Amino acid sequence: MKVFEKAPAKINLMLDVLRKREDGYHEVEMIMTMVDLADRIEMQELPRDTIMISSQAGYIPLDEKNLAFQAARLIKDRYDVKQGVYIHLDKKIPVAAGLAGGSSDAAATLRGLNRLWELGIPTDELQRLGAELGSDVPFCVTGGTAIARGRGEKLEPIESPPQCWVILAKPPINVSTADVYGKLRANAIQHHPSAELVLEAIRLKRFDLLCDRLGNVLEEVTLDLYPEVRRLKECMLRLGAEGVLMSGSGPTVFGLVSKEAKVARIYNGLRGFCKDVFAIRLLT
Ligand code: ATP
């Protein structure tokens, strides 16, 4: 038996950090949505009680450090599954990019193994398991568009943003999420974006307002550490993207574009800047 799952990338339309908590985590408020760029995950039963993992991507760990491996082990342990599984990850999402690639792989593995082993685990329980693997995993279990609070695990689904083109560009640097949060001074944030205003723009289906109201407080850290990310943002705006923001802790920058006629020009303009450029749609 074999099952397949798609693991799409996420972008943050808004990311705010409210405070640093006593437990060391940050209290966040984020609006997240999925885009049509996905890893493809194949899961196949193994007769032996073991977890094996492979990928065409040479640059991710293929042992217990892989989030898909951790997801498989968690579900096996918790539900006392004695069968083994072979997991193949066909990676399309750039790694360490701020697009939650690893988290989405973990979430897709939880969904896939729930089917493969016919465990009948309800979605909210899959999300609770996901929270043990990482703050973005619960959102990735269901996808769609949601506002997340707490560490990112308290989720409320919201309606989809107006459909548009999304240009993703990742400069050739790797950014550690832990490092960016570590350098953020939560009580000295200059400008907090408003979840309320972003939600209003989505409710009113006002693409122009949505573009104006995008915001991510982690830009304050990453743009200072990596000036090329700031230059990339400026370049996307100059080329005609209507709303431009860094996703997650970066370094990927996304541009929202309403008119297809503009897409090729922006895409080609960015290709001179970096190799990883994608022109895709929102997954609504
Ligand atoms: P987030 O936005 O959730 O912080 P990210 O997009 O910045 O995620 P990932 O692509 O998830 O980052 O990779 C972060 C780290 O996790 C990398 O250093 C990578 O080696 C490791 N990793 C573990 N499992 C995976 C996986 N299945 N796919 C990609 N990276 C993985």
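**View 1. Val-180 in helix H5.** Val-180 sits in helix H5 of this predicted model. Its relative accessible area is 1%, so Val-180 is buried. Not counting residues up to four places away in sequence, Val-180 touches Val-175, Leu-218, Val-221, Thr-222 and Ser-249. Gly-248 is 68 residues away from Val-180 along the chain, yet their C-alpha atoms are separated by 9.9 Å.

**View 2. The largest pocket and its centre.** The largest pocket holds about 970 Å³ of space. Its lining counts 41 residues. Nearest the centre lie Ala-100, Ser-103, Asp-136, Thr-177 and Ser-249. Ser-249 is also one of the residues that Val-180 touches.

**View 3. What builds the lining of the largest pocket.** Strands S1 (2-20) and S2 each give two or more residues to the lining of the largest pocket. So do helix H1 (67-78), helix H2 (101-116) and helix H5 (177-183). H2 gives the most, with four residues. By class, the lining of the largest pocket has 20 nonpolar, 15 polar and six charged residues. Domain 1 (2-157) and domain 2 (165-281) both supply lining residues, so the largest pocket lies between them.

**View 4. The second largest pocket.** About 200 Å³ of space lies in the second largest pocket. Residues of its lining include Tyr-59 and the run Lys-91, Lys-92, Ile-93, Pro-94, Val-95 and Ala-96. Lys-170, Asn-174, Lys-275, Asp-276 and Phe-278 line the second largest pocket as well. Six of the lining residues are nonpolar, one is polar and five are charged. Domain 1 (2-157) and domain 2 (165-281) each give at least three residues to this lining.

**View 5. Glu-27 in strand S2.** Glu-27 is placed in strand S2, which spans residues 26-46. S2 is among the elements that give two or more residues to the lining of the largest pocket. The relative accessibility of Glu-27 is 15%; buried means under 20%, so Glu-27 counts as buried. Leaving aside neighbours within four places in sequence, Glu-27 is in contact with Asp-16, Val-17, Leu-18, Arg-19, Arg-21 and Gly-150.

**View 6. The annotated segment, residues 66-144.** An unreviewed UniProt entry carries the annotation "domain: GHMP kinase N-terminal" for residues 66-144. Over this segment the chain is 54% helix and 9% strand. The C-alpha atoms at the ends of the segment are 24 Å apart.

Terms used: Residues numbered from 1 in each chain as written. Predicted model: local features only at pLDDT ≥ 70, side-chain atom pairs only at ≥ 80, totals over all residues. Heavy atoms only, no water. UniProt positions renumbered as here; feature names shortened; annotations may be inferred. Buried < 20%, exposed > 50% of the residue type's maximum accessible area, 1.4 Å probe, protein only. Contact = heavy atoms within 4.5 Å. 1 Å grid on protein atoms, 1.4 Å probe; cavity = no way out; pocket = protein on both sides within 12 Å on 5 of 7 lines; lining within 4 Å. Points joined across faces, edges and corners; volume = space filled by probe spheres on them. Nonpolar A, V, L, I, M, F, W, Y, C, P; charged D, E, K, R; others polar. Domains from an automatic or database assignment.
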